[in-house]
Amino acid sequence: MKLNRQYIRMFTVQKWLFWALLVVAVIVLAQLAEHTNTRFDLTASQRHSLSPTTLSLLQGLEQTVDVEVFISHNHEFRDLASSILKRYQTASSQLNVRFTDPEQAPQRVRELNIRQQGEIVISTGTRRQHVLDFSEQSITNALLSVARQQQPLILFVEGHGERSPFSDANFGLSLWSEYLRATGVQIESLNLAASPIIPENTSVIVIASPQRAWLEGEITLIQRYIDNGGNLLWMAEPEQHLLLSPVAEQLGLYFNSGRVLDVNAQLLGIQDPGFVVIADYANHPVAAATPSVTLFPDAVAIEQNTAVATDWNYTSLLHTGAQSWIQMNTDADDTYVPEFNANIDMAGPFSIGYLLERWPDSDDNPQRIAVLGDGDFASNTYIGNAANLDFANALINWLTEDDALIEIPLRTTPDNQLKLSDVQSMLLGIGFLFVLPLLLAGTGLLLWWLRRRR
């Protein structure tokens, strides 16, 4: 076929027009990509997105926060740090992020006491926090710490065998206190016998499971602190709550005798019914900040004393299940198998936690008190179980009147393990070892027979 000149000319124009339009399209798309930042996180755990809590914190920043990352230009984690911090910058214009090469700024490294590559310094004004990893939890907690308008002071009473916020023992509370300090909370101890004056800037006093009797004067100091509008967290234990009976009477509460037992602990693989599983919470901000069940080992039930007239608003926060009961046989030895005895035991459900709130006439801020029938839940042994840490942090935020601040959740990959029963495993093994080979062999023989018949 012979082409005329007009057709060739038209074909050439179309070709050049196509290439011109293609170049224009590429330029337009490049400009859109440069000025548009739209991301989609399709991972099951949303690991590449900031949590709603972090976004809420960033959107509420009222002052500029400086974020300085000390990392070399060619370091393997530089791109990762840049990607994570871009998410924060996208959510807030109050973040001033800059990267510093520690090899080129030795004076700056010495000034800020930088210890490793990738260390992040988050600061505003005179407040400063160092972050040693790129997790959302660490970065957001540091932002929270420097952005707090005031740093609450929490005093842990000592001198009667209480759990210490500085003790690394299983009984201690060091893991919890480390998290609180990371979010800008000041933690100190208070010995009422040695220093009978409670500082005026105290935000909360914590009484964590005392083991020995209090002096009458110490109890009077706590009662006076409550009368003057102080906030309190009291974590009691079975029988040991009697050490502070006058305080319970002042608050209009009383503790039941015996310990609470709960067979629902077996659902978590715990055979000891002394571990109380709480899945039923009151409609309260503390409950809203607790994402799942909490675990309370060796708890005591609490009730409101309706015979005492008070001006407190009571909230029964923690409710045990219907299958719980109070074991009244406290003299049982180690060989005793706990089981409900309708003749002597009390059937549940019960409350093992109360929140009290009132508004003193001379102050617009509420006075808040939390009384729990267990202190083991916050100990180093159990703080990492279920949602215990979330619950403990939510309590402190509520007591310090930081209602909007809750624990930044850790992002974890969903459990993708396939769990099979013994029968299922046996059937799967038989299928791979015998059924599948026989099926393949049978298919081959069938094809051979069909071809032979042709």
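# Aromatic pairs, sheets and helices in a predicted model

Reader: How many aromatic pairs does the structure hold?

Author: The model is predicted: local features need pLDDT of at least 70 and side-chain atom pairs count only at pLDDT 80 or more, while totals for chains, interfaces and linings use all residues. Residues are numbered from 1 along each chain as its sequence is written, and side-chain values use heavy atoms, with hydrogens and water left out. Rings of Phe, Tyr and Trp (its six-membered ring) pair if their centres lie within 6.5 Å, and planes under 30 degrees apart count as stacked, over 60 as edge-to-face and the rest as tilted. The number of aromatic pairs is seven.

Reader: Is Trp19, which pairs with Phe18, buried, partly exposed or exposed?

Author: Phe18 and Trp19 form an edge-to-face pair, with 5.5 Å from centre to centre and 70° between the planes. Buried means under 20% relative accessible area, exposed over 50%, and partly exposed in between (1.4 Å probe, protein chains only). Because the relative accessible area of Trp19 is 46%, this residue is partly exposed.

Reader: How many residues apart are Phe296 and Phe391?

Author: Phe296 and Phe391 form an edge-to-face pair at 5.8 Å centre to centre, with 80° between the planes. Helices (H or I, at least four residues) and strands (E, at least two) are DSSP runs numbered from the N terminus. Phe296 sits in strand 13 (residues 294–297) and Phe391 in helix 10, so the pair links distant parts of the chain, and the two are 95 residues apart.

Reader: Which strands are the edge strands of the eight-strand sheet?

Author: Two strands pair if DSSP finds at least two bridges between them. The sheet is open and mixed, in the order 6-5-7-8-19-18-15-12. Each edge strand pairs on one side only, and the two are strand 6 (186–190) and strand 12 (280–281).

Reader: What is the angle between helix 7 and strand 7?

Author: Helix 7 (residues 216–227) packs on the sheet, touching strand 7 (202–208), strand 8 (231–235), strand 18 and strand 19. Contact means heavy atoms within 4.5 Å. Axes are lines fitted to C-alpha atoms, for helices over the stretch in contact, and angles run from 0 to 180 degrees between N-to-C directions. The direction of helix 7 makes with that of strand 7 an angle of about 140°.

Reader: Which residue in strand 19 stands opposite Glu357?

Author: Strand 18 (residues 351–358) and strand 19 (residues 367–372) pair in the antiparallel sense over six bridges. Helix 10 (residues 388–399) lies across both of these strands, among others, and runs at about 155° to strand 19. Opposite Glu357 stands Arg368.

Reader: What is the phi of Ser209?

Author: Most residues other than glycine have a negative phi, and most peptide bonds are trans. Ser209 is found in the loop between strand 7 and helix 7, and is buried at a relative accessible area of 0%. Although not a glycine, Ser209 has a positive phi of about 55°.

Reader: How many of the 12 residues of helix 5 are buried?

Author: The expected span of a helix is 1.5 Å times one less than its number of residues. For helix 5 (residues 136–147) this gives 16 Å, and the end C-alpha atoms are 16 Å apart, which agrees. Helix 5 is largely enclosed by the rest of the structure, because the number of its residues that are buried is 11.

Reader: Which residue in strand 3 stands opposite Glu68?

Author: Another open sheet has four strands in the order 2-1-3-4, with mixed pairing. Within it, strand 1 (residues 65–70) and strand 3 (residues 119–124) pair in the antiparallel sense over five bridges. The residue opposite Glu68 is Val121.
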